[in-house]
Amino acid sequence: MELVPTQKEIYKPTFDETLDVFIDLCPFKPRQRNIINYECRCKYGSGFRTYSEFKKHIETKSHKNFLINYSRYDEELDKLKQEYKKMTIENEFLKRKNKRLSRENELLNEKLDEYENVEYHDCQSHEDKK
Ligand SMILES: [Zn+2]
């Protein structure tokens with residue numbers, strides 16, 4: 001028997017441009033061997049793994065309410081998540097840049113210290129001669 005790891009995904013309703021609303025489209029292809037567990041945000045812990053479970057799920061009251069409110073809440077949430085992802089990437093980039101600049105600064109400070117030490121020793125040796 002072939003062992004296929006189970007994937008987990010968040011189910012998202014599809015936007016119907018003709019009707020201008022979100023609708024439920026079954027994410028499974030006919031006769032597909034299901035390796036994806038869909039989680040639905042309509043209710044904590046709810047989801048489906050098969051076409052029949054999907055059909056049953058979209059008829060529940062919590063899912064119907066979820067679909068009506070989807071454009072108002074979840075679309076906003078998805079946008080924020082996208083924004084968050086973008087900013088996380090940007091932040092990572094800036095962290096690396098900051099690290100690189102700190103290192104450069106450290107090296108320059110070390111050079112400056114060396115330079116100042118040389119001058120200081122020179123001065124000391126001059127004073128010793130007096
Ligand atoms: Zn649902």
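In the predicted model, the largest nonpolar core consists of nine residues: Tyr11, Tyr38, Cys40, Cys42, Phe48, Phe54, Ile58, Phe66 and Tyr70. A nonpolar core is here a set of buried Ala, Val, Leu, Ile, Met, Phe, Trp, Tyr and Cys residues joined through C-beta atoms within 7 Å. A residue counts as buried if 20 or more other C-beta atoms lie within 10 Å of its own, as exposed if 12 or fewer do, and as partly exposed in between, with C-beta atoms placed from the backbone. Of the 130 residues of the protein chain, 8% are buried. Phe54, one of the core residues, touches Cys26, Phe28 and Phe48 when residues up to four places away in sequence are left out. Contact requires that the C-beta atoms of two residues, placed from the backbone, lie within 7 Å. Of the contacts between residues at least 6 apart in sequence, 48% join residues at least 24 apart.

The protein chain contains two helices and five strands, in the sequence pattern β-β-β-β-β-α-α. Helices (H or I, at least four residues) and strands (E, at least two) are DSSP runs, numbered from the N terminus. Three of the strands form an open sheet of mixed pairing in the order 1-4-5. Strand 1 and strand 5 are its edge strands, each pairing on one side only. Pairing of two strands requires at least two bridges between them in DSSP. Strand 1 (residues 7-10) runs parallel to strand 4 (residues 36-39), and four bridges join them; Lys8 stands opposite Asn37 in strand 4. Strands 4 and 5 run antiparallel and are joined by two bridges, with Glu39 opposite Gly47 in strand 5.

Asp20 is located in the loop between strand 2 (14-16) and strand 3 (21-23). Although Asp20 is not a glycine, its phi is positive, about 60°. Asp20 is exposed, with 8 other C-beta atoms within 10 Å.

Confidence is expressed as pLDDT, the predictor's confidence in each residue, from 0 to 100. The mean pLDDT of the protein chain is 85, and 85% of its residues reach 70 or more. Among the elements, helix 2 (residues 61-129) has the lowest mean pLDDT (86), and strand 5 (residues 47-48) has the highest (94). Residues are numbered from 1 along each chain as its sequence is written. As this is a predicted model, local features need pLDDT of at least 70 and side-chain atom pairs count only at pLDDT 80 or more, whereas totals for chains, interfaces and linings use all residues.
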